[in-house]
Structure formats: C-alpha cells, structure tokens
Amino acid sequence: MIPQIQSWIKKQVCPDKEPGLQPWMPGHSEDHRVTISYGRKVLLTTSATVHSIEILSGGKLVIADTNRHILLRTKHILIGNKGELHIGSPDCPYKGNLTISLFGRLDDSDEEHSYFGRKYIGVGTGGTLEIHGERKLSWTFLNKTLHPRESSQNNYLFQRSWGNRGIIIHIIDPKTGEVLHDDRFDTYRSKNESYRLAKYVDGIKPGLILAMMVNDEGSNNLEDSAIETQFFINLCNRTCDFASVSIDMMSNSSILELADQPAGWGPGDRVVVASTDYSMHQAEEFTLLPCPTCASNQLKVRGKTKFIHMGEEVDGVDMRAEVGLLSRNILLRGEMEPSCYGNEACKFFNFDTFGGHLKHGFRAVHISGMELQHMGQQTMGHYPVHFHMNGDVDERGGYDPPTSVSDLSIHHSFSRCVTIHGSNGLMVKDVVGYDTLGHCFFTEDGPEERNTFEHCLGLMVRAGTLLPSDRDSKMCRDITDGAYPGYVPNPRQDCSATSTFWIANPNNNLINCAAAGSEETGFWFIFHHVPTGPSEGLYSPGYTEHTPMGQFTNNRAHSNFRAGMILDNGVKTTQANNKDKRPFLSLIGARYGPHQDSDPFKPRVPALIHHFIAYKNQDHGAWLRGGDVWLDDCQFADNGIGLTLASGGTFPDDDGSRQQVKNSLFVGESDNHGMPLPDKRIWGPGGSDLTDRTLPRGIDFPIRGMQIYDGPINVQNCTFRKYTALDGRHTSAFGFRLNNSWQSCPNNNVTNITFDHITSRVFFGEPGPWFSKMQMDGDKTTIFHDIDGSVSEYPGAFLVKEDNWLLRHPDCIDVPDWKGAICSGHYAQIYIQTRNPANLNMQIVRDEYPDRPLTLEGALEKRKHYQQFQPVVTLAKGYTIHWDQAAPAEVTIWLINFNKNDWINVGLCYPQGTTFTILSDIHNRLTKQTRKTGVFMRTTQKEKINHSHLARGYYYWEEDTGLLFLKVKAHNHRETFAFCSVKGCERVKITAIIPKGSPPSNCLAKAYPKHAELPIVDVPMPRKIPTVRLVSNHIEMIPTTHYFPVELALFMSLEV
C-alpha cells in the first residue's frame, strides 16, 4: 500500500513544489548558453534571457508558478535524452503568466541544429515535455446574431402631463436603452411619498440607470434617505415643460451572446469570431472588456463588428459563428522582424515568416492550455506543433497516458497549425488554429493512422509555399523546384488545395470539428499511393485507397472557396521526369474504395459521414469520390453546388459500390443574406423573396443542390428548400455536372424527396453561360431514376434529357422548363472502345428514331491511344453506329448495367471489303485478367444473330449497306449496383481489316429507311400521383402527394 500512496501523493504535487529543486535566476545575456544535465533539477523563478537551453542526461527545468509574469527569451530549448521540461501538470495547471519568446533570424551566423534547425523547442528521443496551462473553454458558438455597427441610441421624453409637481423616475437598462419601469412621487405634499421613493430607490438593482426629473416643486417633504442613490440623472429642477433622456448605445463595444459559458475567459483576452458568409476574411478579432452586468454566457468586447455574424439556425441549418479563444496564460511566441527578408518567401509575403517551432521526437509529451503565436517557418519541417516520425504514441506504443495536445490557441502562424508526420494514435483536442499559411491540421506522408481531431477549430487558412498543394496560382507558376524542364503549371489541377484539415490517410477520426474558412477547402481526404518522404516503405502500394474511414461525425465547414469537404485526388509520389513533368507531391487523380483490412478482395466497408454541415462555400458544399461513401443527416446550404457524389468517371473503381445521401437537408438560398460587397459580380437578387444577397460564384451561376455526375448514387429521404430559378440563372434542386464528358448511370436513384419553396426541381441544362455548348458526351446522356415519383409525380419513371432519342418513346412527357422528359423503360449502357484510329467521332442511332442520331465525341482526349463512347441505351432495341472517319480497326463493346439475358442489336458501319474477327470475353477489372468466352461466326441470315449463345455467336455482314450486325447479350448475373457481372465485364471485341484509303464510315443514308422500325412503348408509363394544392406564390409540398408542373403549366412561371 505504501508505494501506491507515495505514487498517488507524487502525482498530486505541483511540479514547482517538488522537493530538491534549486532556484535558478540566470539573468539576461543573449550569449549565455545553458546546459542542465547530470541530474541537476532547477526552478526558474524570474524572467531571463539566454542564448539557448539544453536539458539532457537527467536534467530537469521547472518553471515556477508565481504571481509575477515570467518572460523567458532564448534562441532554442533542446530537451535531449532523459531531459525534462515541466510547466504545470494535468492535476496542477500553471496559473501564472508565462511567455517563452524565441528570438533569432534565418540568416544568423550560429550553426543550426541538423534536425531541429533554428528558433525552436525541440524534444529529442527520450525527452519529456509537459506543459499545462489554465483550463479554459477553447471555442463555442454565437447564440445570437451579431449585426454590424448597430445604432442603439434611444430617446425618452418626460412631459408636464405627468402632473403638476413631484419627482418623476425612469429606470433604464444601460445595455439596451429600454425603460424598465417608471413612477411619480409627490414629495411636496406628503412624507409618505418621500418614504415610498426611498423604498423604491433601495429596490433598484445595481447597474441600472435612474433618471429623475423634479417637476414644479418636490422638496417640501423630501427626506435625505430618498436621495442617497449611487447613479441618477437629474434632468430638471423646478418648472419644466418637458425634458428628455438619451441613452447612447454607440459606445465602442459590443455584447456577444454565446452558446456556452466562456469558462476561464476574462478581460484583456483576445477572441476571434468566424465569418458566416462566403469570404473567410469576414472573421474578426476582439478584445474582452469587463462586464459586471453580463449574463453568464455573455461577453463584452471592444469595438463594433464590421460584418454580420450569424448566431442562429437559418432555414433548418445551424449557421452559428464559431467564437475561438486566442489568449492563454502560457504563451510561446516567435520574435519577428518588421518585414520579410532574405528568402524566397519574400516574393509572396511582405512580412517576416521565420517564426518559432515546436518539434517532437520524445519519451513523453503532453501539452495543454498554451497559446502559440508567430510560430512556424516557410521551410520544410518547422511548424508550430510537429510530431515527427514518432510511430505509435498511444497505448499501442506503450504510452500511458497517451500523447496529446489540447486546449491550444495557435494563431498568426507562418506554417500550419498541428503537423502529424509518421505518428499514430495522437489526440488533438480543443485546438484553435487561426490565420496560418498552408494546411492547418496536417497529416503528411500517408501512414498516419488512428489520430483523433476532436473539437478543433480552424479558420483563415491561407496559401503557403512549401508543397504544391499549399500553393495558390501565383506560387504554383513561380515555384517550379523539382519540376522537369518544360513543365507548364496548371494551378487548378496541380496545386491550389490549401485546406484546414489535410488528411492523408482515411483511418483518422474527426469529431465535432469546424473548418471555418480556407482559401480552398475545409476538409480534404487525399491519398498517397505509396508512402512518401521518410515514411517510404511503411505500407504496400494502394493501401490507403482501400483503408476504411475512421469516425467522421458532427463536423462543419463554411466560408471556403473550393469546397467544404473533398474526398478525392492523390499526390504524385514519383519524381518529375520526361513522361510526367510535374513536381513531386503535385495533385493527381486517385480512387477510393474502402475494404475490410484495406484488402480489395475482402468485403467493402462504407465510409460513413454523419451530420456534416456545409454552408456558404463558394463552389461545393462537398465533392466526394469513392466506392461506398455514405452520408446521413447532413445539411447543405448556400453553396454553389450542395453535393456531388462521384465514382470513377468511366467505371466505379470499386465495382458494386455506390455513393448515397440520406435524411439530409439542402437549402439553395437561405435567409442568411450576407452584406453588400464592392464586387457587384457576387452581389445581386436571389432567393424566394428576390432580395439582394451575396452569391457564391456570380449573378448567373446555376446553383444546384444535388449535382448528379456519373454514379451509381442513391438519394433518399432528403428535403430541398428555397431553390428559386431567375431569368438568366438556372437554379435547381437537382442538376448535373456542367461540361461533362463522362458516363451517366441509369441506376442513379432518388426516392422520398420533399420540396419546400421550390420553383425548379430539375434542370438538365441549355447552351449558354456556365453550360457552354452542351456538346460534351455526358451533357447529352444524363439520366436518373425517380423510384417513387417524388420528383416527377410518376413512380418508377426515369428523367432524361429532352433530346436524347436513344431513351425516349412516344409516351414520354416533355418538361420544357427542365429541358428534360419523363420516360419509362429498361435502360443500360454500352461502352464502345475504339483503336486505330482513336480520334474520331461516333453517331449512334436507334432504329425507331432514325432521324434523331446522337453524336458523341468520346470521353477521352483525342490524343489518347484509344477512345471510349459511353451512351445510355434502351434495352431490347436495335441501333446502328457510324463514324466521321474510316471505321476503327478495333472496337470493343462493354456491356454495362446489363442484367442476365438483357440484350440489344447493333449494326456497325464499315467500308466495303472489310473482314472481321469477333470474339467475346470476360474481363475482371480487379485482377486485370481476361478470359475468352466465345467466338462469333458469320451468317448469311440476319435473323440468325438472335440465336447466339455464350460459346458461339453470329454476325451478319450486310455489305450493300456497310453494316455489321450482331446481338450483344449478357450471360451472367449482376449485383444490384455493379456495372459488370459477378464474373467480370462481358465484352465483344471486333477486329477489322479495313481497306486502305477508305472514306468515312457513315452508313445512315443506306441504313434507313431500310432498317427503320416503328416506335414501341415496351414499359408503360406509370400513373401520375394526384397533384398537390398550390399556396399563394409558391408550391407547398405535401408528403403524400406531389405536384407535376407540365400539365398545370405553372412550373418556373410563378410570380414571386
């Protein structure tokens, strides 16, 4: 028992009360190099200036917790093996005021440390750092909207009509100017009135204003006790016709009402209030003032706000501004020069960027309750807080308690906020990162796993120079170190990814975090195909692309330019070369497909995104590309585009997966109008009330809630609110990716959709601003499936582009305002890959509509060695295919979204004299293996092509028209969301020997009317759901019934 008691007592002792500490007062000399070693334990009790401090070999430095402010200036503190630095402890937080100020310049003559560099606190292997400041609330939300420069001057009039004599009293609230109570006392006539006045005054709460007017005569029976009050205004003596009191609320202060009690915040502390509009630059700093009359959740701050900061839910979306504490009683800061000097960063910044930094490679580190200001450097590896190659830092690595940083305020930083590099299991909690250069919360090489960011706030994240992903467009063009000669930067593709949370491995946890303003993106999940830097070799290629996502719950992102959240892209993990001239770590493409144990051959594991809030992001609320990526209970408002769910462009990289969003809210233009801006391009009318407001991208930008791209996706039980189309601006609840060359999946499913204050449910696009010419393949082939009719009013119908006659039939219903049609049918896709040549265009014609060909340019660049055309087709129909050049020597037809026994007949145009070899195979995209399944034999009877089976098929070469006919049919079952069968992708491969000098292979004139057929409706149109009632100037949606616009001819023509 005794050892346990002694251990318990030791843990309760404050570090500066530990027996055996020697008082230490080193004085002030910038040349004094201090070494604390060999068991020496010292207590710093006063301010000091030294060149440097090194603690090692059993040495210990403790900072005394005193009533006097301690300022310790030094160039660096190095904590070596078995060295310790203690400032407070978890059970005994430091209560005094301590500043550690790191001085020095980039060009100092001192030799820099080979690992830590200059101007640092460094924790080497075997070192211990324990810093624990006072516990304070790190950040919270506004609970009441803060309006800019509100005028709160109130005037009140005292008139003679109150009576002929006596004392007139008004009790006034000094914060609001409101009169809380009033009364008149005739102290001329009666002493009882004087006593009543005295009792009345005694009952007034402290801090209120008492305004008094003496009318005519009031002193005859006035007792002294009645006038002994501390705060009164005497407006008039004797006779007055009237008097007035003016309460001027224009004092240079504001009241912030918060969602939580700001525990530990006090006068003199600095706070930052986040923007709640599109621009992150509307964040504002304030200094706290004394406020004895404030409620427990209120603060008084110096100054008036310049911008609106929301403190409430708006149209069902929580848009409250975050309020972060910047001040702490322990301050670690870098001493800065007045301007930039002597390095490449000066091309981009006019201020000194050589701050201090804190780097760990340790035995034990726990940091809490500390402020870091002017930290970080625009050089690699030097960040405000940096965990570098520490491996497992939690219980798995033998750390008890696990390593953590918490309750930190990191602001006005010159390179990131918290960097986790090659370290796992770190807890980062209650950290505020404000006004920094480069990614703020940063995981570096790819192997970082099991780290947790909990209740962290990042805002005002600007571009930096270190990595291509940190850089803005100018930096991307000007910094080409590591690029191959001849490299021409493409900033929006190679760089321009500055993010508040940069997550290089999905197996990390983000809980209750806020990304409240970045030059580019709030949360970005990025992929390293192989680990980079000193982490090279720590996992096998492709590991992170298949790693299940950690917990992502209750996070929010707003006031970002590119997106609130992106799950997409990788970084280039090879050096520049002649084939790929881009620098190392430039942005590239990547595909995410989470599986059990990160093994693509094991079951899929969905990435779950729960209760994510994204508002006022200029481009996207979220762009998420992957396999199974599922969102639930999310909110999107005032984004240029609310949400895009993307698969692989051509194929979902993880076949059988899907993206989905359920139980979520989309708001087009909320009642958060923002403030007038000098840039009139992003200020104009909008919303259901047509009032002026800030706009995400421009006055004519087509705002969309759910953007349908490729698929397959599932949108279920979602509400769309306040999507109002205007003349010249095609706002819609559902829209499609603009200028899209990729496929569109007929298994894009929507169900149980509710609309509220909507004038445009769907818009397929039309030529014009933002939509361009609508001539790319994906623009022409858009489709989605309205499972229950909650969008179209026709359960089970498909919504297609109005001029896509591959999908239409005679009973389809046109919706002119949508530029679409409502149809029924069985639909699938064929991918037609062509080689030799690959730079040709294709026309595909359905036999039932020979005068309505669909021209496709292909999904790939014309300089590729092959091309791919990706039309959606109606099953059990006949088609012909034509080219604008001589037919390609190699054509492969992939059957996509075909169920077993689904088929179409195809006639491909070739020059006369062509000979063919045709076979069928199955290609497994996961194993990259192909297995031949059959051959096609020539037949002289066209009808015989319908008698094909798996091992043997038939083709018919109709040389007079130039058409090669064959039937393509699926022979295997397919999983619900898979593009291909359970055995792989079924294909038909045609190899042709084409006579040299052949003309373009366009057989339309000969094919029709010979092969034309009468249009037939194979799947009858579903019955329409009864219409809903109309209310005033908008459509009120009733859950069990829906309104269909064409028949009432009111859709998008309602006056508002």
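**A covered strand**

In β71, E890, T892, W894 and I896 on one side and V891, I893 and L895 on the other are all buried, so both faces are covered; buried means under 20% relative accessible area, exposed over 50%, and partly exposed in between, with a 1.4 Å probe and protein chains only. This is a predicted model, in which local features need pLDDT of at least 70 and side-chain atom pairs count only at pLDDT 80 or more, while totals for chains, interfaces and linings use all residues. Residues are numbered from 1 along each chain as its sequence is written, and side-chain values use heavy atoms, with hydrogens and water left out.

Strand β71 covers residues 890–896. Strands here are DSSP runs of E with at least two residues, and they are numbered from the N terminus. What does β71 pair with? Strand β65 (residues 827–835) is joined to β71 by seven bridges and runs antiparallel to it, and β77 pairs with β71 in the antiparallel sense over five bridges. Pairing requires that DSSP finds at least two bridges between two strands. I832 has I893 of β71 as its bridge partner, and V891 has I990 of β77.

Now the cavities. A cavity is a set of points, on a 1 Å grid over the protein atoms alone, where a 1.4 Å probe fits but cannot get out; lining residues have an atom within 4 Å of a point. Points are joined across faces, edges and corners, and a volume is the space filled by probe spheres set on them. By this rule there are ten cavities of 30 Å³ or more.

The largest cavity has a volume of about 190 Å³. It is lined by 18 residues, with S920, F936, K969, H971 and V988 closest to its centre. Elements giving two or more residues to this lining are β73 (915–924), β74 (929–938), β76 (963–969) and β77 (985–993).

The second largest cavity holds about 90 Å³ of space. Its lining has 15 residues, and F736, L738, F763, F764 and F771 lie nearest the centre.

Last, the backbone. Most residues other than glycine have a negative phi, and most peptide bonds are trans. The D400 to P401 bond is cis, with omega about 5°, and P401 lies in the loop between β30 (385–392) and β31 (404–411). G711 to P712 is also a cis bond, with omega near 10°. M389 is not a glycine, but has a positive phi of about 55°; its place is in strand β30.

Notes:
On a 1 Å grid over the protein atoms alone, a cavity is a set of points where a 1.4 Å probe fits but cannot get out, and a pocket is an open set with protein on both sides within 12 Å along at least five of seven lines; lining residues have an atom within 4 Å of a point. Helices (H or I, at least four residues) and strands (E, at least two) are DSSP runs, numbered from the N terminus.
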